[in-house]
Amino acid sequence: MPDPQHLCNHQCVYNSSHLDIQRENGTLSGYVMGTELFGYLILTQDPGIFMLAFSPEDKQNMGLTLYADKPVLTLEQKRQFQEQVICVGMEESDIVYVDEKQDQCGPLQKEHDEERKKEKDAKGPKEGGK
């Protein structure tokens with residue numbers, strides 16, 4: 001199974017965190033360096049998009065992430081996201097759009113997979129195995 005990944009400062013970052021989902025209150029949580037962090041689900045009128053708000057009480061570290069079922073947003077989906085950005089107290093200038101077509105992690109993931117396969121092949125069969 002490939003590692004979950006995202007692009008940060010033009011570098012691929014891999015994360016294998018375990019997340020807990022609380023359906024009753026629309027939150028997900030995970031631990032980072034011993035601290036539990038929460039994401040809050042924000043549903044829209046459009047079933048093709050949803051958002052997760054992170055640290056909304058902390059203006060310095062807050063974040064808002066938009067997830068869409070298609071790679072290109074409609075103008076209405078973009079408008080809904082921009083409205084939510086303002087609603088949580090962020091500035092439109094804080095928005096960073098990521099284009100999945102410019103995936104810089106895919107080639108690196110392929111390279112990592114090939115290296116793992118070579119290491120596994122070099123080790124040979126496990127002792128005591130058939």
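Predicted model: local features only at pLDDT ≥ 70, side-chain atom pairs only at ≥ 80, totals over all residues.
Author: Residues are numbered from 1 along each chain as its sequence is written, and side-chain values use heavy atoms, without hydrogens and water.

Reader: How many residues lie between β5 and β6 in their hairpin?
Author: Strands are DSSP runs of E, at least two residues, numbered from the N terminus. β5 covers residues 35–43 and β6 residues 49–54; five bridges join them, antiparallel. Two strands pair if DSSP finds at least two bridges between them. The number of residues between β5 and β6 in the hairpin is five.

Reader: Which residue stands opposite Leu-52 in β7?
Author: β7 spans residues 63–68 and runs antiparallel to β6. Six bridges join β6 and β7. Opposite Leu-52 stands Thr-65.

Reader: Is Leu-43 buried or exposed?
Author: Leu-43 lies in strand β5. Buried means under 20% relative accessible area, exposed over 50%, partly exposed in between (1.4 Å probe, protein chains only). At a relative accessible area of 66%, Leu-43 is exposed.

Reader: How much space lies in the largest cavity?
Author: A cavity is a set of points on a 1 Å grid over the protein atoms alone where a 1.4 Å probe fits but cannot get out; lining residues have an atom within 4 Å of a point. The lining includes Ala-53, Phe-54 and Leu-64. β6 and β7 each supply at least two lining residues. The space in the largest cavity is about 30 Å³.

Definitions and conventions. Helix = DSSP H or I, 4+ residues; strand = E, 2+ residues; numbered from the N terminus. 1 Å grid on protein atoms, 1.4 Å probe; cavity = no way out; pocket = protein on both sides within 12 Å on 5 of 7 lines; lining within 4 Å. Points joined across faces, edges and corners; volume = space filled by probe spheres on them.
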